[in-house]
Amino acid sequence: MFSLKSITDSIQVWLSANLGATGALIAQCVIVILLAIALFAVLGLVLVLMERKVAARMQVRLGPNRVGPWGSMQTAADTLKLIVKEGLTPDGADKFLFNLAPYIVMIVAMLLLAPIAYANNFQIWDINIGVLYVTAVSSLGVIGILMAGWASNNNYSLLGAMRSGAQIVSYELSAGLAILTIVVLTGSLQISEIVQSQADGWWIFKGHIPAIIAFIIFIIAVTAETNRAPFDLAEAESELTAGFHTEYSGMKFALFFLAEYINIFIVCAIGATLFLGGWMPLHIGNWQAFNHIMDYIPSSVWFFGKVFFLIFLIMWFRWTFPRLRVDQLLNLEWKYLLPISLFNLLLVTMIAILGWHF
Amino acid sequence: MYTETQILKETSTSLLNGEGELVINVGPQHPATHGVLHLVITLNGETIKKIEPHLGYIHRSIEKMCESLTYRQFIYVTSRMDYLSAHINNHACAMAVEKAMQIEVPQRAQYIRVILDELTRIASHELWWGALAMDVGAFTPFFYAFRERETITDIMEETCGARLTMNYMVPGGVMADIHPNFQQRVKDFIKLFKKNVDEYDDLVTGNVIFQNRLKNVGYLSPEDAISYGCSGPVARGSGVKSDIRKIAPYDIYNQVQFDEVLETAGDSFARYLVRVKEMRQSISIIEQLIDNIPEGEFQAKTKAVLKPPKGEFYTRVETARGELGVYIVSEGGTTPYRIKFRSPGFSNLSALDHISRGSKIGDLMATMGTLDLVIPDIDR
Amino acid sequence: MFIKDYISDVYKAAKSLLTGMKTTGYYFTHPKEIVTEQYPDNRDTLKMAERFRGEVIMPHDENNEHACTGCTACELACPNATIKVITKFDISPEGKKKKALDTFVYHLELCTMCGLCVEACPTSAIKMGNNFEHSVFDRSKLLKTLNNEGSKIREGVE
Amino acid sequence: MTEDIKQYISEIQPNATFEETGEWLNVNIAANEFHPFASMLRNSRFQFDYLFCLTCVDWKTHLTTVYHLSSSQNRGLNIVIKVKLDRNDPEVETVSDIWRTAEFHEREVYEMFGVTFLNHPDLRTLILEDGFQGYPLRKDFEDPINMIKL
């Protein structure tokens, strides 16, 4: 199977031969940081363009098509515009927190890039509590949003931030329970082990109906967690103009915007890792020839293909559904998703104990 | 009670007003107000305690303007009131002048007027449908609505010469005969519309989120609907018969078969259903008329200068938003002495405070959407 | 049955949502349904409806003659004082004084394209043009004179 | 039907006068007798519960507020009530307690014509800005900056 391990290993060998142990570590850190920032920027550009194109196609129009071929440079042009715009700070705002908030949101998004397995043996940090790390860190993002809403000294922002707080705190629960079903099946919190456990089939196929239910709940919950429509109450534009980032402009606004898309990427990456086998190719039972062909497709293509499929699904939701009201949002979580996922977890535990999965 | 200037002062120093309530200004620039409506909303958490509309951001004093325009000229100004039913407004004014001058309108002109009225009504409801979906957070229906509406505006452009402010009505008939392609294009539109209207149901009407957003929201009882002077789909959503086309049929409305759509629930979803069903009724009216337009004159012979006799004339028509009344006081001159436009939106807006107290901000957008407010119609 | 209602609620909700997704999904997979026009790329093929009211024009024939008698009916019909007809007196060969058009001033910036002037014109001297691209950088450019330099009234138009 | 209404009105308000030049029955009534008369009409057997138009006309010598009433049971039944007011100090009792729609319409008439509606719950400007001078729809109103007349 094709692997990036040879490349990373050879870089490691070359660096330690030339720079010594400490130097190699520092150099590796620098390379990783650069790669993370590059991924961040590229993802931002690609996802924003993708969103606009998907929206346009669903809305019987063409979407951006003026800057570059098929509008591919549109987001770059938009970013340039946002960079040169003036970043206003309102008069009555708490200036320190107001300026800090976008960075917190972005740093949280960046931290989450660490434990994700992008390809076979290509992972920044294979921590043994990877899944726990992801759930723990991802809930920090709400602090940035609350901070932004409160510091803006604007009624709309405050309402948006409060909604966002209530929403993320509740939906963490069912997202966590959905993740837990896979942890129960795998018996491990480490991302690389979870991926390895799906070598003979993805969990969504191996785990029978409970895994599918868990997958659906996971998708709904993370859509809510990333403040995407139909759960975009925090920025509900027809109600609160722009919610928590009403007062933000220029690059500070762009950071919020970018962080939203990075968050979508991350939650979809987690979803792909847990339910769709991460970078594992599609293997079907005893079809040796088929499995062999699938192995030829590079693992990074598998991973990004799955992630982008999930991202497309979330975009599809956004451009189809109306927004929920705040009380309906909480109803959905506490009356529907949470009981169902609790019951589901019970089922999965039974399956795991009895060893009924493949 | 506070005035506008005080509100601005209060909100700039603290988020709460003196009584610990959150006061927010929705509008004049706000995505959900579709224009320059300014609502000062007093909130308790997310719950609405009071709504106070501030109007006048687009007040052009059309009533005063009309006092210096002749009876031929003032018709075009009324397209700018409720610009989504511009044609129906013009129709009302032309009818008022005809009533005053006792002009007999030829049959052909009446048919053309009614067909165009109904097309306008469909176009207006289409836009409302898209805008309502956008208010509750779904963007895509807006584009589907505009796609169908575009077909209607194309038909309008071909026959009337303009897409939005048609000014096709003149006292005594219509300005020009219909375009030779008109009948065929309307039939094509009917076919297209019948195909696409099912999509609306799939995408929006049946959607569980949408239904939950509208049901039991903004309840308007029949008594309140009457007391607040509501008309059009707002009143019919509460089960109050208020269709002028049935009450006082004008032109050839007494010769066509159609039902007055009534829903009794009185909530936002009932108002939604009334409008969606009305679109189908309008299609059936057009279907009855489009093949039977009689031959003949499209315009009655009228004098160059119109001088109605001294007196008062009141005409009513059913626009897409409700009952539009034109009250003309004539002193026998070439210009009206006084004109009053009884606009449906103004009365419908006055019920907004009453029906949205105690609901959430999200509900307000749904309620406002189903009241179908067009701000130039309210401000005039 | 509470559980049964609960399950049927969830089932109906999910079904209605999937129906909606089917509709948007259909348009996503059918790019032929795209309806937007690529203006200004389609300028060459863009055809306006013949009755479209874009501006008031005064057609001149090949002899640089128009049909305007300077009767000011359009000026009187205009609700916005868009038109100003300046007349002069021509001396006919028989030595009779005759009212004629000197300058037909048209304020495009005031015009609402209502078409009442065209309706009022007894000699069909003016009509509505199809041009809709009126934006200019200087407002004074919108003040137009409709009759050409040195044009005169067509023979036989009264 | 019109005769019935005329007879009923003559019974409850002998001072009312009628005009029948227009399409609908016009009733003239004095300002101080108007409010009880309106509330009686609302509760009469004709049920004039739908006030669909409320406006005012400036006759240069006096003002007239015009109320167009109809019945929700029988919308073909319409009457017009006119109240003559003194132009310098126009005052009339509000009908917003009888027909809620009058609240907004009266505010509009208040700012456009300067008619004071007594006992109105919230008589402030609705359309014009605060502190606007003059009454725009009166015949003698001139605004040299934003000219309305041609």
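Start by colouring by chain and selecting chains A and D: no contact joins them, and their closest C-alpha atoms lie 24 Å apart. (Two residues are in contact if their C-beta atoms, placed from the backbone, lie within 7 Å.) What you have open is a predicted model, in which local features need pLDDT of at least 70 and side-chain atom pairs count only at pLDDT 80 or more, while totals for chains, interfaces and linings use all residues. Residues are numbered from 1 along each chain as its sequence is written, and chains are lettered from A and ligands numbered from 1 in the order in which they are written.

**Stop 1: chains B and D**

Now show B and D together. Of the 5 pairs of chains that touch, this pair has the most contacts. Here 33 residues of chain B are in contact with 30 residues of chain D. On the chain B side, at least two residues each come from H1 (4-13), H2 (62-66), H9 (222-227), E6, E7, E8 and H13 (344-350). Helices (H or I, at least four residues) and strands (E, at least two) are DSSP runs, numbered from the N terminus. E7(B) gives the largest share of that side, 4 residues. By type, the side of chain B that touches chain D has 12 nonpolar, 12 polar and 9 charged residues. (Ala, Val, Leu, Ile, Met, Phe, Trp, Tyr, Cys and Pro count as nonpolar, Asp, Glu, Lys and Arg as charged, and the others, Gly among them, as polar.)

**Stop 2: the sheet in chain B**

Stay on chain B and select E6, E7 and E8, an open sheet of 3 strands in that order with antiparallel pairing. E6 (311-318) and E8 (338-342) of chain B are the edge strands, each with a single partner, so one side of each has no neighbour in the sheet. From one strand to the next, the twist averages 10°. Strands count as paired if DSSP finds at least two bridges between them; E6(B) and E7(B) (323-330) have 8. Click Arg316(B) to find Gly325(B) of E7(B) opposite. Axes are lines fitted to C-alpha atoms, for helices over the stretch in contact, and angles run from 0 to 180 degrees between N-to-C directions.

**Stop 3: two helices in chain A**

Select residues 5-58 (H1) and 250-275 (H11) of chain A: these helices pack at about 95°, with axes 9 Å apart. That makes H1(A) roughly perpendicular to H11(A), a term for angles of 65 to 115 degrees. Among the residues that meet are Phe40(A) and Leu43(A) from H1(A), and Leu258(A) and Tyr261(A) from H11(A). This contact has 9 nonpolar residues, 1 polar and no charged.

**Stop 4: chain D by itself**

Hide the rest and look at chain D, with 3 helices and 7 strands. Along the sequence they run α-β-β-α-β-β-β-β-α-β. The C-alpha trace spans about 50 × 30 × 25 Å along the principal axes of chain D.

**Stop 5: two backbone details**

Most residues other than glycine have a negative phi, and most peptide bonds are trans. In chain C, zoom to Tyr39(C) and Pro40(C), joined by a cis peptide bond with omega about 5°. Pro40(C) is in the loop between H1 (2-29) and E1 (55-57) of chain C. Finally, go to Asn167(B), a non-glycine residue with a positive phi near 50°, in the loop between H6 (140-160) and E4 (169-170) of chain B.

How values were computed
Angles under 35 degrees count as roughly parallel, over 145 as roughly antiparallel, 65 to 115 as roughly perpendicular and the rest as oblique.
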